[in-house]
Amino acid sequence: MDTRSALKFLSINLKHNLLPHLIVALLIALLTPIIFTITSLDERLAAQPIEMLLSLTGTALLTPIFLPEQNENIRDIIRSKRTDYMNVCIMRIIYSVILLALIIGGFVMMMSFCESNVTFRHFAGGFASALFLGSMGFLVAGISRNAPVGYMVSLIYYIANFAMKDKLGNLFLFSMYAGSFKEKYWLLLASVIMLTAGVLSCKIKKS
Amino acid sequence: MLFFKEYKKMLFSLTFLIYFIAVIAMYFTQFHNDCKEAIYEPLPGQESYGMIAKETPDILMPAATESLVNGYLSDSYTAYPIGFYKNVHLSEKKKQKMAEIITEISGISKEDLDNFTNYEEGGFYIDENGGMMQLESNIPEINIPKALTYERFRELMRKADDIIGGGSEYSDENIVGNFSLVQKTYEDALTEYNKFLNEDKITGAYARLFCDYMGIVLAILPVFVAVSLASLDKKSRMEQLAYSRKISSVKLIFTRYFTLVVLLLIPVAITALIANFKVCGMYPNNSADIFAIFKYSASWLIPNIMTAAAVGMLMTELTSSLLAIFVQGVWWFISIFASANGLTGSIGKFTLVARHNSLYGLDTFMNNFNDFVFNRIFYTVISIIAIALTAFIYEQKRKGIFNGYSFRFKISKHKS
Amino acid sequence: MENKIEIKNVDKFYGKKQALYKINLTINQGMFGLLGRNGAGKTTLMKTLATLHQKKNGSITVCGVPIENTKEIRSMTGYLPQDFSMYPTMTVEESLDYLGILSGMTKDARQKRIDVLLKRVNLTEHKHKKVKALSGGMKRRLGIAQALLHDPRVLIVDEPTAGLDPEERIRFRNLLCEVAEERIVILSTHIVGDIEATCEDIAIMNNGRILWQGTVSELIHNTDNKVFTVNVNKKYLTQIKKNYIVTGMLVQSEYTTVRIISDMKPDIQGVTTAEPNLEDAYMYCLYSHGCDVSGGAV
């Protein structure tokens, strides 16, 4: 695929496949400062809005990667083309992850502007939590071929973080708020594994 | 007949399975986990009977002052101005005003406050139950001036509340409950215990706790089951066929809804049954009301299920998209956070998720009882109206008059 | 490179259920028709050829390229499934552009080719219409356009005329015939009329097996002197249906003209031999392979 075609691929996908989900992600980002304070927070408190609400932008952006082709007839058409469907998904994951990073990065910068004590860690930690929720939704939606199930499992895990707290061990999403960062590496690792498994699932599945 | 067909279709769906597991897990990790020790009859001469909120200036004034000084030093005040948790930080001008109040009530001058560089914020640690606990913080010594009257103190607290923006711990509604906790006397404890035994018949108190926990998940998860059910028709390409069948839209949609609600109640009934055995087993020598948990569940939890399921069905029929998940998600989120300031008896006229996270507080609950009844009936009626609307839309689609509002995140049909 | 598809001993399973049994077929340039009832395995075979399914064993080569080489196969194959769908919010032009990108075409190539194809399938004036606003026929024409977009040497079309009105159907067939002058076109259908009008070479499938392969005239030739017509009173109809394959019935006021197939001349008064058509031949083929064809035309 040449560069011009790749850009066109991006713009068509953005317009027809990604836009509503991007809007949902942005609405979540807008809802965050309404529910939580984001001004003049210390380092630990600043983690709260990022981990406890903004992380759901991951679910919004990554769960629907397979959604456009949930219609089997469309999937057949796409798969009959030379470009491997797996590559289509990988490209979508890449730009969704970039958008996710931009949203979280933008939010963290806004917090910094609002005199909250945020560092790169807040960005990285928030991104890891969001990516984890998103990858989980993506993997489940991919395996079950059912996007609502993906959203459901991702949201249940999110709720479990309020109910179970750090009993979730290394996969605790709100660890920065509880004063620990090491979980973020595990979340990142688990995300990469789930994303890989999700991508491979479209290869393995017999259609 | 139709009921059983629909029933089978839903029972073996993946979303229902996940819903089932999640509800059961919620029960065991929360309610079941909380029921470790029975409540015993208080005996005279015990060291402590727990705390109760009673307006006592000698306790209230130092406690509120300490809290306010703490808030000033960390520049962080907790408030719920519109029901939402808000962590408030003050501008320099407001800080100045707050310092004046603090000086008047604590005798600490603004210079001393600002020079108190040694201040370390408490920080948090996680206790063995997984709760986040605040460490004791290190604040300047407080000497409340003798000349300060209680009336003046309350007036200053109202001012402080205004500066914070309202809804803070220092407001008239909250200050007693937050800062004037006193030890219960033996009589207090005994009265409470007798209410627990005779009015709540034991299980009543547990039923409220049960419903509190279960209500959280039941206000959101049914929407997923409803959405995937509504899209099932499309997926198996039954839509065209279903449209041309003779059965009336009203009958079809209401049967489907009724089936869905009954099905969604299965794990609730199971957990209620387990809870009943568990609680009755904890009090082998008392006669408990064996129906209380079921009565509470029916009135408290069914409206939650009905609402979430109705939103799922209506929005999916209307937009053929996954929008319902987002709408219910936001509503649920706001409802949960709006009630975060008071987990006992937090039942407004319109709150979707009613909270009462305590075995105590029957009085608080009964004070809000009329609101509670109104609230639950309101949601039941709203749900039925929503389903009637769904049937209407379905009928229009059948006639080919209306094809649904178009949103881009369509659920596509799927070959079975 | 030779222009043909060779399928040798191909088996295909869905889990434990076998869907294709030892398929052997050679498909040459031009139109090739795959005839069979619903569920005969036509779609499975076509999806296997389009690399959407994997076979269990056997070998398939398309113009000398083994089917396992999916990338190369996909770049020389165009596929139109039974129910063609595209992202509903995309316009006709955008859809083609997007699929062109996925076929690895450059921008210039796409632009040129899309213009040509839109003209050819009569969609030029609808190119800004959204896919969801297209009629069934228009959608099918968009489907054929996307299948031809990257100028494939092989075109696979599954049940292309199902659900089209008679006029659309004829237009669609003609379009396929034009296309087939330069390439291999494989067409599957359960409608005998489609094959009759377009194909020279055909194969008949049933229960995952190829029952017969050859030319249309050979197939019809098989049925020479086995098709009869007779006028009978209505009351004998049930009995006739029980004893013979009935391929046609014309009810008139006093009697019914029945078209029947039989290995031997039936012992009924007034029977005359008739000229066999493809439909008769197809029914006879199914019948002579032991398929249940009672109860009239399939």
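Reader: At what angle do helix α9 and helix α13 of chain B pack, and how far apart are their axes?

Author: Start with the general idea. Two packed helices are described by the angle between their axes and the distance between the axes. Now the case here, in a predicted model. Helix α9 of chain B, residues 203–218, packs against helix α13 of chain B, residues 249–282. The angle is about 150 degrees, and the axes lie 11 Å apart.

Reader: How is α9(B) oriented relative to α13(B), parallel or antiparallel?

Author: Angles over 145 degrees count as roughly antiparallel. The packing angle is about 150 degrees, so α9(B) is roughly antiparallel to α13(B). The crossing of α9(B) with α13(B) is right-handed.

Reader: Which residues of α9(B) and α13(B) make the contact?

Author: From α9(B) come B:Thr203, B:Tyr206, B:Phe210, B:Met214 and B:Leu218. α13(B) answers with B:Val268, B:Thr271, B:Ala272, B:Ala275, B:Asn276 and B:Val279.

Reader: How many residues in that contact are nonpolar, polar or charged?

Author: Eight are nonpolar and three are polar. The contact of α9(B) with α13(B) has no charged residues.

Reader: Let me step back along the chain. Where is B:Ile202 placed?

Author: B:Ile202 sits in the loop between α8, residues 186–199, and α9 of chain B. Check its backbone too. Phi of B:Ile202 is near 65 degrees, which is a positive value in a residue other than glycine.

Reader: Is B:Ile202 buried or exposed?

Author: Count the C-beta neighbours. The cut-off for buried is 20 or more within 10 Å. B:Ile202 counts as buried because it has 22 C-beta neighbours inside 10 Å.

Reader: Which residue of chain C has a positive phi, though it is not a glycine?

Author: Look at C:Asn122. Its phi is near 60 degrees. C:Asn122 lies in the loop between α4, residues 107–120, and α5, residues 136–148, of chain C. With 14 other C-beta atoms within 10 Å, C:Asn122 is partly exposed.

Reader: How many helices and strands does chain B have?

Author: Chain B has 17 helices and six strands. Of its 416 residues, 38% count as buried. Contact range is another overall feature. Take the contacts in chain B between residues at least 6 apart in sequence: 77% of them join residues at least 24 apart.

Reader: Now the interface. How many residues of chain B are in contact with chain A?

Author: In general, the size of an interface is often given as the accessible area lost when the parts come together. Here we count residues instead. 33 residues of chain B are in contact with 35 residues of chain A.

Reader: Which elements of chain B each supply at least two residues of that side?

Author: They are α2 (14–34), β3 (86–88), β4 (124–126), α10 (221–230) and α15 (323–338) of chain B. The largest share, six residues, comes from α2(B). By class, the side of chain B that touches chain A has 17 nonpolar, eleven polar and five charged residues.

Reader: On to chain C. What is the strand order in its open sheet of four strands?

Author: Read the order across the sheet. It is β12-β13-β11-β14 of chain C, with antiparallel pairing. The edge strands each pair on one side only. They are β12 (245–251) and β14 (272–273) of chain C.

Reader: How many bridges join β12(C) to β13(C)?

Author: Six bridges do, and the two strands run antiparallel. β13(C) covers residues 256–261. β12(C) and β13(C) form a hairpin, with four residues between them. C:Met249 stands opposite C:Val258 in β13(C).

Reader: Which helix lies across β11, β12 and β13 of chain C?

Author: That is α10 of chain C, residues 278–288. α10(C) runs at about 145 degrees to β12(C).

Reader: What are the overall numbers for chain C, helices and strands included?

Author: Chain C has ten helices and 14 strands. Its C-alpha trace spans about 70 × 45 × 35 Å along the principal axes. Of its 298 residues, 44% count as buried.

How values were computed: Residues numbered from 1 in each chain as written. Chains lettered and ligands numbered in written order. Predicted model: local features only at pLDDT ≥ 70, side-chain atom pairs only at ≥ 80, totals over all residues. Axes fitted to C-alpha atoms, helices over the stretch in contact; angles between N-to-C directions. Parallel < 35°, antiparallel > 145°, perpendicular 65-115°, else oblique. Left-handed = near helix turned anticlockwise from the far one by under 90°. Contact = placed C-beta atoms within 7 Å. Nonpolar A, V, L, I, M, F, W, Y, C, P; charged D, E, K, R; others polar. Pairing = 2+ DSSP bridges. Buried ≥ 20, exposed ≤ 12 C-beta atoms within 10 Å, placed from the backbone.
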